[in-house]
Amino acid sequence: MKITPAILKNLYSAIYCMKPFDRWNMPLPEQIKWVVDRDESIMGSYLYDDGEKWEHVITISEARCGHLSTIIRVLCHEAIHMSRHKTSRWTHHDKEFRKRAHSISQELGFDPLEL
């Protein structure tokens, strides 16, 4: 599957209005910079405040994410980090991160260990 920033933005637009994301005061899709790269060392990343125009940057690697199901799971994973951007622990995979991953998995039918 060919990934574009527009596809990522639209996929996020869909999950943005779903539970549990709709309870987390998530940024609007237009407030996020969407990046597609070919980095084989990561599946995706979230960056809070790039020091420039964007407060939120989500990057997905097309080298590692070639299927829709993988893209959505990685997008959900990065959205969990983004949902915690107002805390000092937004980069961590701690108890709160796992709790949110479990909530998403219950709602969307994912394995929580895949988020």
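A residue is counted as buried when its relative accessible area is under 20%, and as exposed when that area is over 50%. The structure described here is a predicted model.

By this criterion, the buried residues of helix H1 are Leu8, Leu11, Tyr12 and Ile15. These residues lie on the same side of H1, because the arc they cover around the axis is only 100°. Their cover includes strand S1 (32-37), strand S3 (56-61) and helix H2 (68-83). H1 itself runs over residues 5-16 and has 12 residues. The distance from its first C-alpha to its last is 16 Å, close to the 16 Å expected at 1.5 Å a residue.

Helix H2, part of the cover over H1, also holds glutamate 78. This glutamate is buried yet forms no salt bridge. The nearest side chain of opposite charge is that of arginine 64, at 11 Å, whereas a salt bridge requires a side-chain nitrogen of Lys or Arg within 4 Å of a carboxyl oxygen. When residues up to four places away in sequence are not counted, glutamate 78 touches Gly44, Ser45, Tyr46 and Ile58.

Asparagine 25 has a phi near 55°, which is a positive value in a residue other than glycine. The relative accessible area of asparagine 25 is 59%, so this residue is classed as exposed.

The structure holds zero disulfides. A disulfide would require a pair of cysteine sulfur atoms within 2.5 Å. Cysteine 76 is likewise in no disulfide, and its nearest cysteine sulfur, in cysteine 65, is 12 Å away. As for accessibility, cysteine 17 is exposed, with a relative accessible area of 55%, whereas cysteine 76 is buried, with a relative accessible area of 0%.

Definitions and conventions: Residues numbered from 1 in each chain as written. Predicted model: local features only at pLDDT ≥ 70, side-chain atom pairs only at ≥ 80, totals over all residues. Heavy atoms only, no water. Helix = DSSP H or I, 4+ residues; strand = E, 2+ residues; numbered from the N terminus. Expected span 1.5 Å × (residues − 1). Buried < 20%, exposed > 50% of the residue type's maximum accessible area, 1.4 Å probe, protein only. Arc of directions from axis to C-beta. Contact = heavy atoms within 4.5 Å. Lys, Arg positive; Asp, Glu negative; His and termini not counted.
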